[in-house]
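The tour goes from aromatic rings to charged side chains and then to a sheet.

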Amino acid sequence: MTPAPPSTGPNSSGSAASSRRAMTVRRTLPQRARTLIGAWCFIDHYGPDDVADTGGMDVAPHPHTGLQTVSWLFSGEIEHRDSLGSHELVRPGELNLMTSGYGISHSEVSTTRTTTLHGVQLWVALPEEHRHTGRDFQHYVPRRVRVDGADVRVFLGSLAGGTSPVRTFTPLLGAELVLDPRSTTSLRVDPGFEHGLLVDQGNVRVDGTLLRPAELGYIGTGGDTLTLTNEAECPARVVLLGGTPFQESIVMWWNFIGRSHEDIVEARAAWENASDRFGSVDGFEGGRLPAPGLPNARIAPRKNPAQH
């Protein structure tokens, strides 16, 4: 396993994350070596940022197609509003999952109670048979599961005796693990899943490879046990993502996932023309986020690389 370094910088481009003022955003997936881990197609790892310095998160209403967004915080609080009519707060240890289907729009604003903002924004690609499904929103607070050497919160799928009831459209796993200092934790996992391990804090060894903060390690299919060792004197925090390999090609641009360049062109035009496809977000004070200009070349599809 080779750790994958993130693209790091303020306001990483290419998604709604570009509206996060001067926040530090690490674009961990996709990257040149790997586009997807299961159906997970996008990981933004941001903060910890002092909101007094950065201004926090203030993402105006923006559109999505063909995906589910998964919001998970380590610290801070974010107010979510969407065109389904959902109005929910995102807090540490609580899952917000929004299904765009054919089209949805939403806004994300850190609350005045937030002093430090720190978390991950994740996307899941919807399979072809479900990518035009209806809008949906789910909020879930997973319980803490104690295993040898770690606390586990499972927000999607099943792990270590914890199971999430939240609906997904492909088999998935999403969990936060806090590893005890100088501890080793072994977890039974689905051998049909590939996995990604994102380290938020600490130095964690997995399959003989040491991962440092903000690095993403990839583990292919075939193994039924995942062994994590925290080599630090303080607790380590990681996010474990998994799923069955996603065999479809996708075209991903800005906040849209489709199957062709034409899908993206059509979605962008619908957003710019204020089409009913995306609805409207009530309660947000301010205008919508405009779409960037399309590239001069056709947007090429990408596919999960072959297993090694």
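Are Trp 253 and Trp 254 buried or exposed? Both are buried (under 20% relative accessible area, with exposed over 50% and partly exposed in between, using a 1.4 Å probe and protein chains only). This is a predicted model, in which local features need pLDDT of at least 70, side-chain atom pairs count only at pLDDT 80 or more, and totals for chains, interfaces and linings use all residues. Residues are numbered from 1 along each chain as its sequence is written, and side-chain values use heavy atoms, leaving out hydrogens and water.

Next, select Arg 34 and Tyr 218. The charged end of Arg 34 sits over the ring of Tyr 218, 3.6 Å from its centre (NZ of Lys or CZ of Arg within 6 Å of the ring centre and within 35 degrees of the ring normal). Then go to Tyr 102, where Arg 277 lies over the ring face at 3.9 Å from the centre.

Last, switch to cartoon view. Six strands form an open antiparallel sheet, in the order S12-S13-S16-S23-S18-S21. Strands (E, at least two residues) are DSSP runs numbered from the N terminus, and two of them pair if DSSP finds at least two bridges between them. Strand S12 (144-147) and strand S21 (216-219) are at the edges with a single partner strand each, so one side of each has no neighbour in the sheet.

Conventions: Helix = DSSP H or I, 4+ residues; strand = E, 2+ residues; numbered from the N terminus.
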